[in-house]
Amino acid sequence: MNIKEAEKLTGISKRNIRFYEQKGMLHPARNQDNDYRDYSSQDIERLKLIRALRMVDMPLEEIQKVLDGKTSLEDAATAQERQLRERVQEVQTAIRFCKSLQGLSGDVEVDAILREMDREENRKHLFTQWREDYKKMCKFLQKATFTYIPEGAVTNAREFTQALLDFARENQVDITITKEGMYPEFMLDGVEYTAERLYTQMGRAPVATVRCTAKHPETLEPDLPAGKKRLMKLLHFAWIPPGRGPDVGGHGGPQWRTALPGHPGRGGAGDRLSPGGGGHVVPLHALLLQ
């Protein structure tokens, strides 16, 4: 059967069916006559199982283990039930403090509630899961797009290729250039990227920078609820007024740094240039994940 029929039988959108295929969770055969995907009854049952497990919020990594036979369905469901019960406890703790915050009349009461929140058992239930999910989102955002300043000029395809090779050598990673030009493409850690040269104003002089963007970021995105992902993307960079937060540049003013996700470089992954004005752009993980 074709993908439209598979969508109707499973209740899974065509887009998500293709996504599961990209993740290696489904391997439909190809119709020899037209090379279209041909979904078997086994593929349909596999999709139904995926949908059922996603409906109980099981991570894709755990579902993959079930599909591969590395984990039994019973063990996976038991572990997921335990995770959900922990989340319930976190939510109940947060609800309890919401009730306490309603109708406060003074700073003394707020201080008392903050002291209660800071107790170890309460902090664990309030923040642990959020922090772990945010770490996943930070890793994704840092891997999906990163920017650096090349050592030399980038005015033609040959210089662009050399700039990418120099960057890979400096960060001690393997790179494969798959397309040369002023919009080159390359493979880094098994991820396909495209690059572009940009100019950034630093003082009075424009400086060439290279921005690298994953071609298929959806395959890197963490398995989190859509609403939480949107919120975490919005909060990834927090605006901190002067004197309220750490300086990205570390020398009295923000600056660009070489950043490669998951690898050592001249600076921390995820650093960005602060816009001109009266504040610094600070990665939120600098405040929450220390």
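## Helix packing and an aromatic cluster

Helices α1 and α2 are roughly perpendicular to each other, because an angle between 65 and 115 degrees counts as such, and the two pack at about 100° with their axes 9 Å apart. This description rests on a predicted model, in which the protein chain has 10 helices and nine strands. Of the 290 residues in the protein chain, 33% are buried. Among contacts between residues at least 6 apart in sequence, 53% join residues at least 24 apart.

In the contact of α1 with α2, the residues I3, K4, A6, E7 and T10 of α1 meet K14, I17 and R18 of α2. By class, this contact comprises three nonpolar, one polar and four charged residues.

Helix α1, residues 3–10, also packs against helix α3, residues 41–55, at an angle of about 45° and with the axes 10 Å apart. The helices α1 and α3 are therefore oblique to each other, and α1 passes α3 in a right-handed crossing. On the α1 side the contact is made by A6, L9 and T10, which meet I44, L47, K48 and R51 of α3. The residues of this contact divide into four nonpolar, one polar and two charged.

| Helix pair | Angle | Distance between axes |
|---|---|---|
| α1 and α2 | about 100° | 9 Å |
| α1 and α3 | about 45° | 10 Å |

Helix α2 itself spans residues 14–22, and I17, F19, Y20 and E21 within α2 are buried. The buried residues of α2 pack against α1 and α3, and also against strand β2 (37–38) and helix α4 (60–67). After α2 comes G24, a residue whose phi is positive, near 80°.

**The aromatic rings**

The structure contains five aromatic pairs. In one of them, the ring centres of F146 and F167 lie 5.7 Å apart with their planes at 20°, so the pair counts as stacked. This pair connects distant parts of the chain, since F146 belongs to strand β3 (residues 145–148) whereas F167 belongs to helix α8 (residues 157–170), 21 residues apart. Both partners lie under the 20% cut-off for a buried residue: F146 counts as buried because its relative accessibility is 2%, and F167 counts as buried because its relative accessibility is 5%.

Another aromatic pair, formed by F186 and Y193, is likewise stacked, with 5.4 Å from centre to centre and 15° between the planes. F186 and Y193 are both buried. Ring pairs link F146, Y148, F167, F186 and Y193 into a cluster.

H216 is placed in the loop that runs between β7 (205–214) and α9 (226–235). With a relative accessible area of 39%, H216 counts as partly exposed, whereas Y193 is buried. The two residues H216 and Y193 are separated by 23 residues in sequence, and their C-alpha atoms are 8.3 Å apart in space.

Terms used
Residues numbered from 1 in each chain as written. Predicted model: local features only at pLDDT ≥ 70, side-chain atom pairs only at ≥ 80, totals over all residues. Heavy atoms only, no water. Axes fitted to C-alpha atoms, helices over the stretch in contact; angles between N-to-C directions. Helix = DSSP H or I, 4+ residues; strand = E, 2+ residues; numbered from the N terminus. Parallel < 35°, antiparallel > 145°, perpendicular 65-115°, else oblique. Left-handed = near helix turned anticlockwise from the far one by under 90°. Contact = heavy atoms within 4.5 Å. Nonpolar A, V, L, I, M, F, W, Y, C, P; charged D, E, K, R; others polar. Phe/Tyr/Trp six-rings, centres within 6.5 Å; stacked < 30°, edge-to-face > 60°. Buried < 20%, exposed > 50% of the residue type's maximum accessible area, 1.4 Å probe, protein only.
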